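Trainee: Let's go through this one together, starting with the space inside.

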There are 2 protein chains.
Amino acid sequence: MNKYNDQQIIDSWKINAKPWITAIEKDEIESRVLVTNKAIIDAVVGIKSKSVLDIGCGEGWLVRELEKTGIPSLGIDVIPELVAFAKKEGGGRYKVIAYESLSYEKLKETFDVVVCNFSLLGRESVITLFEKIPFLLNNGGSFIIQTIHPVVGCGDSIYKDGWRGGSWGGFSDKFSNPAPWYFRTIKSWKSLFLSNGFSIDKIVEPLNKETQLPASILFIGIKDRN
Amino acid sequence: MNKYNDQQIIDSWKINAKPWITAIEKDEIESRVLVTNKAIIDAVVGIKSKSVLDIGCGEGWLVRELEKTGIPSLGIDVIPELVAFAKKEGGGRYKVIAYESLSYEKLKETFDVVVCNFSLLGRESVITLFEKIPFLLNNGGSFIIQTIHPVVGCGDSIYKDGWRGGSWGGFSDKFSNPAPWYFRTIKSWKSLFLSNGFSIDKIVEPLNKETQLPASILFIGIKDRN
């Protein structure tokens, strides 16, 4: 039996919600400040959408940024402490919903864009989430994922789908109990889109200015018309 | 001695200017219509620039599109027949200038964005052009290149810089005398940016909807501050 599973990711976030809020509010995560925050905002704003669903919104920074540019946004997250913080900050709507419970029936609304910003870290949870996204999108809607770049983030391991042990390297010592994450190759990410009724419009690699290596990868999928 | 050189590219365009104008006006090039036209427009418009220089503008379609979105643009091209057509169509400014003659002294203006849309096909001409771009850009300005994707466009040849024979495959039989082109790896394109005072902000791969392979690659460089 595998020692890692999806539940460990949620358990870790429950423990680390507080230091995470601090890290985001104090801009402690350098790559986010320098590169990836701008990349996800550009990607969403570039689509000229009228509504966004941010899945795994955390403490809500992206929803707040999108609302500032005039795009009504709903953020969902499974960690009550993060959603409570987001609601307190204001700007946008928020709900505590687990990926497993998310559905059109639950939300009773659809969106022009669904975005997952570094929030797809599990195995089964991601597979089942992908199946639900088409029902949450308007016709021609976009599904945008920003995630760890598989090639750059592969490290010394084999370039093959599988669970990897977590680490809070680069974070403050307030973080503990790092979650495992499920590594996917670029081909596997593409397959998730294609097998769930999306075509991929483009792939974006924002580069870290210092290293000139990709700081992340973005997949921008478009829901195929039935 | 190599049988291919930069001059052959210009010679070919002189011969094929007329069918090229027809091909663009009649949307004969499927990949352009489906994917790459939108990709370059999105990239330029995403930067919110106030002025654009389109190097190798051809018959001027991109300049016209940018002017429609309210961005004043100047197109330059070495082929008089293409520039004459562009001027006749109106919308934007145009000049007949060879890459070798291009300079700040020649234009006496600088731009927020310089764009080369499938117009960097040679060897020396591209190297010398890169050296001139920083002088044509405002501080913090962007240099955007869209070109053949090196991995997808490599074919059965070795993945290594070098001249390749040309072909008008996929074009109408009005085209003749195909030009050779100089193949560059992704690493070589990146080196051209880095060695000329740019950092690369991001790399974009627009995907062909049918094949889900990249239809092209875009490099978006930012001029480093001195």
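Trainee: Which helices of chain A each supply at least two residues to the lining of the largest cavity?
Mentor: Helix H1 (6-25) and helix H3 (61-68) each do so, helices being DSSP runs of H or I with at least four residues and strands runs of E with at least two. The largest share, five residues, comes from H1(A). A cavity is a set of points on a 1 Å grid where a 1.4 Å probe fits but cannot get out, and lining residues have an atom within 4 Å of a point. This is a predicted model, where local features need pLDDT of at least 70 and side-chain atom pairs 80 or more, while totals for chains, interfaces and linings use all residues.

Trainee: And how much space lies in it?
Mentor: About 430 Å³, and of the 26 lining residues, those closest to the centre include A:Trp13 and A:Asp77.

Trainee: Switching to aromatics, what does A:Trp13 do with A:Trp168?
Mentor: Their ring centres lie 5.9 Å apart with planes at 90 degrees, so the pair is edge-to-face; pairing needs centres within 6.5 Å, and planes over 60 degrees apart make it edge-to-face. The pair links distant parts of the chain, 155 residues apart, with A:Trp168 in the loop between strands E6 (162-164) and E7 (181-183).

Trainee: Is A:Trp168 buried or exposed?
Mentor: A:Trp168 is buried, at 16% relative accessible area, because buried means under 20%, exposed over 50% and partly exposed in between. A:Trp168 also pairs edge-to-face with A:Phe171, at 5.0 Å and 70 degrees, and A:Phe171 is partly exposed at 28%.

Key
Residues numbered from 1 in each chain as written. Chains lettered and ligands numbered in written order. Heavy atoms only, no water. 1 Å grid on protein atoms, 1.4 Å probe; cavity = no way out; pocket = protein on both sides within 12 Å on 5 of 7 lines; lining within 4 Å. Points joined across faces, edges and corners; volume = space filled by probe spheres on them. Phe/Tyr/Trp six-rings, centres within 6.5 Å; stacked < 30°, edge-to-face > 60°. Buried < 20%, exposed > 50% of the residue type's maximum accessible area, 1.4 Å probe, protein only.
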